[in-house]
Amino acid sequence: MLDKTKKDWWKSAVVYQIYPRSFQDTTGTGVGDIPGIVRRLDYLQTLGVDVIWLSPVFASPQVDNGYDISDYRDIDPLFGTLEDMRTLIREGKRRGIGIMMDLVLNHTSDQHRWFQQACQSRKNPYHDYYVWRDGTPDCLPNDMQAVFGGPAWEWVPQVQQYYFHQFAPQQPDLNWENPTLRREIYDMILWWMDQGVEGFRLDVIDQIAKEPDKKITNNGPRLHEFLRELSAETFQKGCLVTVGEAWGADIPRAKLYSAPDGSELSMVFQFEQMCLDQQPGKEKWDLAPLPFVKMKQSFARWQRELHGCGWNSLFLDNHDLPRIVSRWGNDGQYRARSAKLLATMLHGMQGTPYIYQGEELGMTNIQLPIEQYRDVEIQNFYRKRMAEGYPEAEVLRSIYAKGRDNARTPMQWDDTPNAGFTAGTPWLPVNPNYTTVNAGAELADPDSVFAYYQKLIALRKQYPVFVDGDFTLLEEEHPHLFVYERALGAEQLLVVCNFGDEATPWTLPAGWENADTLIENLPAQPGTLQPWEARILLRRDADARS
Ligand code: TEU
């Protein structure tokens, strides 16, 4: 177990993301719940993770699956009760697993008490908790668009004003300029800290300092000022792990967010690599092949530049992204092998690794008829592109490749009906491959993707070079190989990944002949790397000299 009283304990931690709706249902509603998570804690302990990031379980009308919060201090009955949450926190702690809550501080639900009050009159004290502009019903304040489509402004006749929303109209943006609102948020966070949570993931945190009149959404001028105040008033009073979701983070900004003095956050999720397989300047739906060399050079840049003066989060999957094995791997013939390669590539790097539920099983994307998708983003996108006259096959191809419901299909526990997820009707269909891809089968197989993740996590705990070592990219221009070295004093790692369905001739760099193999996804053959082959070698300086 990690000593979580030690400053920066989270540098050695591995985080597991749970999307509660799709993890484990215990009541037959077809929606996962908190008691379901408690039931599966032993599984997570077997995997070896230290923290669970829980996508939002707060009270919510569920327009955006909980990212529209109507009460930050209560649990949605869909998922259970506050008492269930306390049980989860307690039972997690017993197993060395902390809970990281997912706070949506950029916006609330339109059903939140604050917003209901805010709509009553311009004089209501809560009015200024949100972002309002004057206008007339037929004249919007400006032409800004919401992420989920349509204008970013919604008219409220009662106050004769528009409110600003960067996401759905049911997700009004909070006004961080208001110090009373900020204080309410800090008090709420302190209350959750008192409940024993060990960290927070902060949804779209780079968007809180918006200035809609200047069309500024992320990276607003007061962003880091707000973050430093937030951190001083809350996180710094404990020994927490914090990660901000920041689509707008570049390397200089990431250094601010994750400054070693702890003045802001532990780290951020940045999306530079995740935006590479789309046409530049267009939307994520406008597909492009992954530019492999750019991808590895991008990872390398973040590794090098944050070393010693910031901290990386490491992730390939989350509840908004397609399944990585379907996206960058081969989810057919080489499903298990390429899933292990992707894990090797990521877990060999410096940073805190995040595993999204089912990634450790090599779960894949799904293809559904349009009416079975539940995501507000997918449905809006489909309507918009069809109205614009795109061919339906092309629209569906984008949804199959990038739709968020790919990641949200129920967790595949075993080969019984509905994959052991629910006794009822699942809220989103189970991927039909659950009969072969499931936790039960993988736990019984020492060569499974699960067993491989388990080993990678254990290696990170065993060898300090995984946590603290520096990073050097080798084979910089090679079109298939992602090879890098990590070094911490005498301890060195060589991480070798052969991306793609082709074998590649390759010999070990000089000095690595006598190194130990820490992990591999298939037995080595001299002079060649087989399709999707991956391995990590360890040497100490003495090995290199011998
Ligand atoms: O996501 C932020 C965000 O910008 C996403 O909408 C992202 O652009 C999109 O999913 C990519 O297609 C966060 C949450 O992770 C997401 O689930 C929420 O829907 C969103 O914020 C609003 O709270």
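Visitor: Where is Val 197 found?

Guide: In this predicted model, Val 197 sits in the loop between α5 and β9.

Visitor: Why is Val 197 called buried?

Guide: Its relative accessible area is 5%. Buried means under 20%. The value of 5% falls under that cut-off, so Val 197 counts as buried.

Visitor: Which residues does Val 197 touch, leaving out those up to four places away in sequence?

Guide: Val 197 touches Ile 89, Ile 99, Met 101, Trp 192 and Leu 240. Contact means heavy atoms within 4.5 Å.

Visitor: How far apart are Val 197 and Val 325?

Guide: In sequence, 128 residues. In space, 31 Å from C-alpha to C-alpha.

Visitor: Now helix α6. Which of its residues are buried?

Guide: Helix α6 covers residues 223-233. Its buried residues are Leu 223, His 224, Phe 226, Leu 227, Leu 230 and Ser 231.

Visitor: What puts these residues on the same side of α6?

Guide: The arc they cover around the axis is only 155°, and therefore they lie on the same side of α6.

Visitor: What do the buried residues of α6 pack against?

Guide: They pack against α5 (179-194), β9 (199-202) and α7 (251-257).

Visitor: What makes α10 roughly parallel to α15?

Guide: Take helix α10, residues 335-347, and helix α15, residues 449-462. Their axes cross at roughly 15° and come within 10 Å. Angles under 35 degrees count as roughly parallel. The crossing angle falls under that cut-off, so α10 is roughly parallel to α15.

Visitor: What is the handedness of the crossing where α10 passes α15?

Guide: The crossing is right-handed.

Visitor: Which residues in α10 and α15 meet?

Guide: From α10 come Ala 336, Ala 339, Lys 340, Ala 343, Thr 344 and His 347. They meet Val 449, Tyr 452, Tyr 453, Leu 456 and Arg 460 in α15.

Visitor: On to the sheet. In what order do its strands come?

Guide: The order is β6-β8-β7. These 3 strands form an open sheet with antiparallel pairing.

Visitor: Why are β6 and β7 called edge strands?

Guide: Each pairs on one side only, and this makes β6 (132-134) and β7 (153-156) the edge strands. From one strand to the next, the twist averages 35°.

Visitor: How do you know that β6 and β8 pair?

Guide: Pairing needs at least two bridges between two strands. β6 and β8 (residues 161-164) share 3 bridges, so they pair, and in the antiparallel sense. Among the bridge partners, Arg 133 has Tyr 162 in β8.

Notes: Residues are numbered from 1 along each chain as its sequence is written. This is a predicted model: local features need pLDDT of at least 70, side-chain atom pairs count only at pLDDT 80 or more; totals for chains, interfaces and linings use all residues. Side-chain values use heavy atoms; hydrogens and water are left out. Helices (H or I, at least four residues) and strands (E, at least two) are DSSP runs, numbered from the N terminus. Axes are lines fitted to C-alpha atoms, for helices over the stretch in contact, and angles run from 0 to 180 degrees between N-to-C directions. Buried means under 20% relative accessible area, exposed over 50%, partly exposed in between (1.4 Å probe, protein chains only). The arc is that of the directions from the helix axis to the C-beta atoms. Angles under 35 degrees count as roughly parallel, over 145 as roughly antiparallel, 65 to 115 as roughly perpendicular and the rest as oblique. A crossing is left-handed if the near helix is turned anticlockwise from the far one by less than a right angle, and right-handed if clockwise.
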